Amino acid sequence: QVQLVESGGGLVQAGGSLRLSCAASGRPFSTMGWFRQAPGKEREFVAAISWSGGTTYYADSVKGRFTISRDNAKNTVYLQMNSLKPEDTAVYYCAAVRTPLVGGATWYWRPLPYEYWGQGTQVTVSS
């Protein structure tokens, strides 16, 4: 049975940092991603990473502040979030899919292709 378990969320002041982790059990996944959902808003893409880590994509809103990485030996993906802003406040979800992520991919930012999801972890950034 596949499980994705996020951790690392919490309350932080604007300008601070948090590191989210997502541990996957059951099988390794080619592509892992992070999405977030704020109250009253749709779930939006944050970042995605290929199996090797050589291909990554970021939402424009987090580019330069967030870094996605993975440790395949631990079957874990991370999201390092720096220079946090109040508008980063949301529930952050880890997602996984067997489809490989390659350069020029056009699907990674949509929630639908992802096959498995975690339960989410709350990130709150105070001003």
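Visitor: Why is Glu115 called partly exposed?

Guide: The relative accessibility of Glu115 is 32%. Partly exposed covers the range between the buried limit, under 20%, and the exposed limit, over 50%, so Glu115 counts as partly exposed at 32%. The model is a predicted one.

Visitor: What makes Arg98 and Glu115 a salt bridge?

Guide: Their side chains meet with 2.4 Å from N to O. The cut-off is 4 Å between a side-chain nitrogen of Lys or Arg and a carboxyl oxygen of Asp or Glu, so the pair Arg98 and Glu115, at 2.4 Å, qualifies. Both residues are in the loop between β9 and β10 (116–117), 17 residues apart, and the pair is counted as linking distant parts of the chain. Arg98 is partly exposed, with 45% relative accessibility.

Visitor: How do you know that Arg36 and Asp88 meet in a salt bridge?

Guide: The N to O distance between their side chains is 2.9 Å, and the limit is within 4 Å, so the pair passes. This pair also links distant parts of the chain: Arg36 belongs to strand β4 (residues 31–37), while Asp88 sits in the loop between β8 (76–81) and β9 (90–97), 52 residues apart. Both Arg36 and Asp88 are buried.

Visitor: Why is Arg36 called buried?

Guide: Arg36 has a relative accessible area of 5%. Buried means under 20%, so 5% places Arg36 in that class. Its side chain also meets that of Glu44 in a salt bridge, at 2.6 Å from N to O. Glu44 is partly exposed, with a relative accessible area of 36%.

Visitor: Which residues are linked with Arg36 in a network of salt bridges?

Guide: The network links Arg36, Glu44, Arg65 and Asp88. In the whole structure, a search finds five salt bridges.

Visitor: What makes the disulfide of Cys22 and Cys94 left-handed?

Guide: The torsion about the S-S bond is about -80 degrees, so the disulfide is called left-handed. Cys22 is in strand β3 and Cys94 in strand β9, so the pair ties together parts 72 residues apart in sequence. Cys22 counts as buried at 0% relative accessibility, and Cys94 counts as buried at 0% too.

Visitor: What is the order of the four strands in the open sheet?

Guide: The order is β1-β3-β8-β7, with antiparallel pairing. β1 (3–7) and β7 (66–71) are called edge strands because each pairs on one side only. From one strand to the next, the twist averages 15 degrees.

Visitor: How do you know that β1 and β3 pair?

Guide: Two strands pair if there are at least two bridges between them. β1 and strand β3 (residues 18–25) have five bridges in the antiparallel sense, so they pair. Ser7 has Ser21 as its bridge partner in β3.

Visitor: Why is Thr121 called buried?

Guide: Thr121 has a relative accessible area of 11%, and the limit for buried is under 20%, so Thr121 is buried. Thr121 lies in strand β11 (residues 121–126). Beyond its neighbours within four places in sequence, Thr121 has contacts that include Gly8, Leu20 and Tyr92.

Visitor: What makes Gly9 and Thr121 a polar contact?

Guide: The backbone nitrogen of Gly9 lies 3.3 Å from a polar atom of the Thr121 side chain. The cut-off is 3.5 Å, so the distance of 3.3 Å falls within it.

Key. Residues numbered from 1 in each chain as written. Predicted model: local features only at pLDDT ≥ 70, side-chain atom pairs only at ≥ 80, totals over all residues. Heavy atoms only, no water. Helix = DSSP H or I, 4+ residues; strand = E, 2+ residues; numbered from the N terminus. Buried < 20%, exposed > 50% of the residue type's maximum accessible area, 1.4 Å probe, protein only. Polar contact = N/O pair within 3.5 Å; in protein donor to acceptor, adjacent residues only side chain to side chain. Contact = heavy atoms within 4.5 Å. Axes fitted to C-alpha atoms, helices over the stretch in contact; angles between N-to-C directions. Disulfide = S-S within 2.5 Å.
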